[in-house]
Amino acid sequence: MNDVAIRVQNLSKRYRIGARQAGYSTIRETVTDLAVAPVRRLRRLGQPTPPEETIWALKDVSFEVKHGEVLGIIGRNGSGKTTLLKVLCRITEPTEGQAEIHGRVGSLLEVGTGFHPELTGRENIYLNGAILGMKRTEIHTKFDEIIEFAEIERFLDTPVKRYSSGMYVRLAFAVAAHLEPEILLVDEVLAVGDATFQKKCLGKMGDVAREGRTVLFVSHNLGAVQQLCGSVILLQSGTVVERNSPERVTSMYLSDASESADGVFDLAAHPARPQKYASIIKRIVLRSSGSSSRSFFFPDDSLVVELLLDASPPIVKPRLAVAIEDASGRRITTLASYLQQSQLPALTGRSTVTCSLPRLDLGPGRYLLSASVGTKNDGLLDSVDNAAWFEVGWRNNYGNGEPYYGVYGPVIRGSEWQRIDERSGYAGIVDDSCIDLLS
Amino acid sequence: MTTSIDSKSELSTIPTAEEIPTILIRPSRGWVALNLRDLWLYRELLYFLTWRDIKVRYKQTVLGAAWAVLQPFFTMVVFSIFFGRLAQVPSDGIPYPIFAYCALVPWSYFAGGLERAGNSLVGSANLITKVYFPRLAIPISAVLAGLLDFAIAFVVLLGMMLYYGIVPTAAILTLPLFLLLAIATALAVGLWLSALNVQYRDVRYTIPFLTQFWLFATPIAYSSSLVPEQWRALYGLNPMAGVVEGFRWALLGKSPPGPLLAVSVTVVVVLLIGGLYYFRRTEKTFADVV
């Protein structure tokens, strides 16, 4: 018996860029093209023909997935992850190569595919289930489970257009989560819903993996990938550059400098700077103390934000601030010079100001930096939102093999834990200062 | 708990759910097989898509399914006044209102099916780019969804027959065949239009024109006996002529359509097979283009 669930051999997919951008054409365009093309071709006679504008979204991708294996696929935007899944789901055809899939395939490229806003929750469960490839009897037996998971019992007979977005997503994921094919292809579906629901989804995905089903999991959520996958493939411009353990591949992905992730952000003419502000902050450089600039840190690294400023006229008593937001735009913290004890000296002409954190202590994920300069009297003089970004990788922070996952939250706090011994009363936790008080 | 175990064992008796299928994904070249077996495996989806189309159509409408009757009925009223009464168009000895309505019922089904099928793929772009299933299910369900409307309008037709005291002959037994011909015609043209519409959005604007011209090229307001005898078989090149004359023969006892029908059937079969192959050939690019 063959134990390979998916075998991909030299799979390639080419897109014609022009055709893709123009989308559909009109007959008029086709007709004019027909008329103009021969003339153009005549004119070009003798000149070298320009290469056709195509891109390979996938190029010679080969890998195997065994039955029961959970394989993660990560890569930057445009690296071909979604195209790969689309080819494996048979949504689009490969240009070259082939893939064999042994077993019933279920795919989840987006939750709520085929939901109709006019239909009720109940009706949509059946419709969506059928679209995802479930049999009617199968949906019927799982119906109660689905509504329980989605927590929408009361709204079962309400058209889904009246649902809140949270309810909608919960229902959509609930149907998809009860799909039980031997092979499941999943794309980025965990990026929806609120935190509690995401956790629930992650738990459900874990169950699926533990049940011994084959899963291909595409995600940006590195924490989830590490938690769920047995091995991970790293895609880069359509080719597989690495297949290894989740830890190795994710750290490789994070340290990959291909996305000009050198930690230097030029702001002299930044599009996000509102017109009313003068261009004072010229550049932001991110680094760790004692190392060169970069955009990738581990939670226990130090962070130094270097602000290159050009102040004319001089700014007396400047107030500088750097705000940190997570990828979803939630502000994590603001580091402000004016919240500290000592006043920064006046800024005249070109100068550099640094803001340092001895430990970053942020969970894995991507963060955005905004920077501003002002004074107490004049208010803001310059402010650039999302001026810089950095990524925090996963690492075993405390040397005991336990990673801090992104789902734990963005702020890492060291905490002390002790067991209270009942016989000795409070003695187990009191420290020196308390002993003073007690005695 | 026991019930869920029971239903699980019931599940396992469904043959298609249990065989371990092997899917081979590779680029297809040239003309591809129709692969109607795949469509059969997805027959439940076909059912659900049809059911969705029917359900959604009359949500938030005041008159609901009455719309299925209103359109052919009022067209019949207008035709009766202008063509029947004022222009004195001959109707082969049959009362003009029922003469027109009997043709309008299959025509409304055809025109509606054509419009829905033609726009069906473009309207389902989010499905096509997100999940796999035989794409043929989309235009087919669009064509089938009109059958409920047809049934409702047909009941009114029976009522009118009763009113005019028309007793159908044994020819009424052939009616399902003419309905089948109407479905096949709508599907054949719908397949071409839906696949073309993905590539060329001009199709969307062409459909209303097309149906308008087609309406007058079809013997609805008039009888095909207006066409000179020697050209009548050629008139069957418009397959709806065959459908309409067939309906009148089966229900109103007009003379049988004869060679005209044979031409219509041939045209539909050619159009349908061609449409299926064209659809399958262009299908692989739908997700990239739509």
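In chain B, helix H6 meets helix H10 through B:Pro106, B:Tyr109, B:Phe110, B:Gly113, B:Leu114, B:Ala117, B:Gly118, B:Asn119, B:Ser120, B:Leu121 and B:Val122 on H6(B), and B:Ala182, B:Thr185, B:Ala186, B:Val189, B:Gly190, B:Leu193, B:Ser194, B:Asn197 and B:Val198 on H10(B). Here, two residues are in contact if their C-beta atoms, placed from the backbone, lie within 7 Å. Helices (H or I, at least four residues) and strands (E, at least two) are DSSP runs, numbered from the N terminus. The model is predicted: local features need pLDDT of at least 70 and side-chain atom pairs pLDDT 80 or more, while totals for chains, interfaces and linings use all residues. Residues are numbered from 1 along each chain as its sequence is written, with chains lettered from A and ligands numbered from 1 in the order in which they are written.

The axes of H6(B) (residues 96-123) and H10(B) (residues 175-199) lie 7 Å apart at an angle of about 25 degrees; such axes are lines fitted to C-alpha atoms over the stretch in contact, and angles run from 0 to 180 degrees between N-to-C directions. The two helices are therefore roughly parallel, a term for angles under 35 degrees.

Turning to the meeting of the chains, chain A contributes 42 residues and chain B 39 residues. On the chain A side, S4(A) gives the most, with six residues. S4(A) also runs antiparallel to strand S1 (residues 22-25) of chain B, joined by four bridges; strands pair if DSSP finds at least two bridges between them. Within S1(B), B:Ile25 is the bridge partner of A:Ala99. Chain A as a whole has 10 helices and 18 strands.

Technical notes
Parallel < 35°, antiparallel > 145°, perpendicular 65-115°, else oblique.
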